[in-house]
Each structure stands twice: as C-alpha cells, then as structure tokens.
Amino acid sequence: MQFPHPPDGPFPPPPSPAEIPPPPAPPGTIFGSPARPSRAFRGPWIAGLMVLVLIGAIGVSVVAPIVASSSRSDEYTFLQRRADGSPVRWDPCEPIHYETNLAGAPENEVADVQEALRRVTAATRIRFVYDGPTNAMPPGVPDAHRVTTPPGESAPPLLIAWLDQGEWKEIGGTDRQVALALPIPESDGFYYDTGFVAVNGAEHLLSGFGVGPTWGPVILHELGHIMGLGHVPATDELMNAQENPIVTDFGKGDLEGLKILGRHGTCASATP
C-alpha cells in the first residue's frame, strides 16, 4: 500500500469508529470467534470533505478536499490462480499460525494487529493462532533471524514485522510505500502456507482504524494480500493500491473475494 498525492476522485463517506479491541491474547490463542466488522455509513454524497492526507513520497502532510460517494463497485481480484482458474488460497480447514516482531512499532499496534486479524477471520472464517513474539525479519534483511518451522509443522508461521528505514530499503521498499505483504505457496502451488507482512516504520501514522491515515487499515490491507487478494481500481475498496484515508475497512468487493478464499472452500486434505 502507498500514499497518493491528494486524490480528486469520488470516495465513500467515513465509517463509524472501530470497536476497541481487548488486550492482546497470549501465545496459542485462537481467533476463532470472529468479531463483527465495523459498519460503513452509506449516506448520500458528501462534497468537499477535508481530510489530512499524508504524502509518503515527500514526508509532509497536506489538507486536501475529497468528494465522497455512496456508490460501491464490488470489485475483487486474486494474486494467483491455479490451472483450473480457482484462486490460490490458504487451507480453510486449518488455522494460520503467526508471529509478530513489533519492537519498532508504536505501543498500540499489538491491538491493531489483533483487531485486523479478527476482521479477516470474520470475513473468511479462517482462524489465526498467535505463536508469540519474535525477533525474526522478512527475507532480504541481511544477517537477520528468520522465522523457523516449528516441530511437526510443514512451514514457518506468518510473520508480521515493523522495519526501520534501513531494513525497509533492504527488502526493496520505497519511500512511497507504507507496507507490503507476500503470501508464499507450498511446493505444489495449490495453497499458501506461510508469508510475511512488512511495515515501514519510518512512517508516522495514528494508531487505530479511524479516518486517517491510520495503521489499522494499512495492516488490514496487507492481510488482504496475505489471504490472496490482489489490488483493484475501485477507490471505495480497501484493496485499492493507494491509501484512501476515509476507507477504513474491507469494502463489499473485498468481502466477496475473501468469502471465496475462506471456509466455504474445500479442505486441502480433500484435494486430489
């Protein structure tokens, strides 16, 4: 995800503030009871809404007018497809294990990560299991600890990590990007079994899921990629490539794509 120059297209009105998440769960906690996503207000057109837009390329903030629209496009795409046209996804019948390296993150980002994971579970019905904190870094950061595969598992857990500016450059991040994500498929290419979310710690966003730029929607966007969603042109979907500070939750198209990637699919054990 990256921050654009002040946009001039139609955007939806802001949603209500997200529910405040509880304290972070201990290692081994399963997020299996999804919380209801925050509701988006679908009112009439709002013209000339003034919001603060962070311009990542030059590191300054400007106030720009945004015209908000109540229309939705219902768009979604997938990062990868199998030979039969179905999307590459996670095994919907197994929880996704994850670790966090939040040493360089703002204090409240544990709660934002937890809330973002709950929203993904709400959309996909796929559970997340927290394996605890780590000092591991994504591939590309030299001389860094890597996430290891636990005994009895076939792949290392998903990594969510905050990087400093030097580490961000090492993995190929740019000044205009605030985060990136990479789901990694298993050898046969049918299912994802690990991956990472890397966050550019040089950016200074507010915590939470309010009108932003804020960290919550950034993390949620990258988790959409982890689940298998690609970018879409629609500016009222969270999976648009550029950060829209008044889109703070998955849109209708995002949710439809996540449903396809979720629990209604076939278990990996049942795949020939």
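Where pLDDT is low, the predicted coordinates should not be read in detail. For the protein chain the average pLDDT is 78, and 72% of the residues score at least 70.

As for conventions, this is a predicted model in which local features need pLDDT of at least 70 and side-chain atom pairs count only at pLDDT 80 or more, while totals for chains, interfaces and linings use all residues. Residues are numbered from 1 along each chain as its sequence is written, and side-chain values use heavy atoms, with hydrogens and water left out.

Now the largest pocket, which holds about 410 Å³ of space. A pocket here is an open set of points on a 1 Å grid over the protein atoms alone, where a 1.4 Å probe fits, with protein on both sides within 12 Å along at least five of seven lines, and lining residues have an atom within 4 Å of a point. Of its 19 lining residues, E94, P95, E153, S154 and D193 are the closest to the centre. Strand β9 (191-200) gives the largest share, three residues, and β5 (96-101) also supplies at least two; strands are DSSP runs of E of at least two residues, helices runs of H or I of at least four.

Which arrangement do the rings of Y98 and F128 adopt? Among the five aromatic pairs in the structure, this one is edge-to-face, at 6.4 Å centre to centre with 80 degrees between the planes; rings pair if their centres lie within 6.5 Å, and planes over 60 degrees apart count as edge-to-face. Y98 lies in β5 and F128 in β6 (residues 128-133), so the pair ties together parts that are 30 residues apart in sequence. Y98 is buried at 4% relative accessibility, as is F128 at 0%, where buried means under 20% relative accessible area with a 1.4 Å probe and protein chains only.

The rings of W162 and W215 are also edge-to-face, with centres 5.4 Å apart and planes at 70 degrees. This pair links strand β7 (residues 158-163), which holds W162, to helix α3 (residues 215-227), which holds W215.

Technical notes:
pLDDT is the predictor's confidence in each residue, from 0 to 100. Grid points are joined across faces, edges and corners, and a volume is the space filled by probe spheres set on the points. Rings of Phe, Tyr and Trp (its six-membered ring) pair if their centres lie within 6.5 Å; planes under 30 degrees apart count as stacked, over 60 as edge-to-face and the rest as tilted. Buried means under 20% relative accessible area, exposed over 50%, partly exposed in between (1.4 Å probe, protein chains only).
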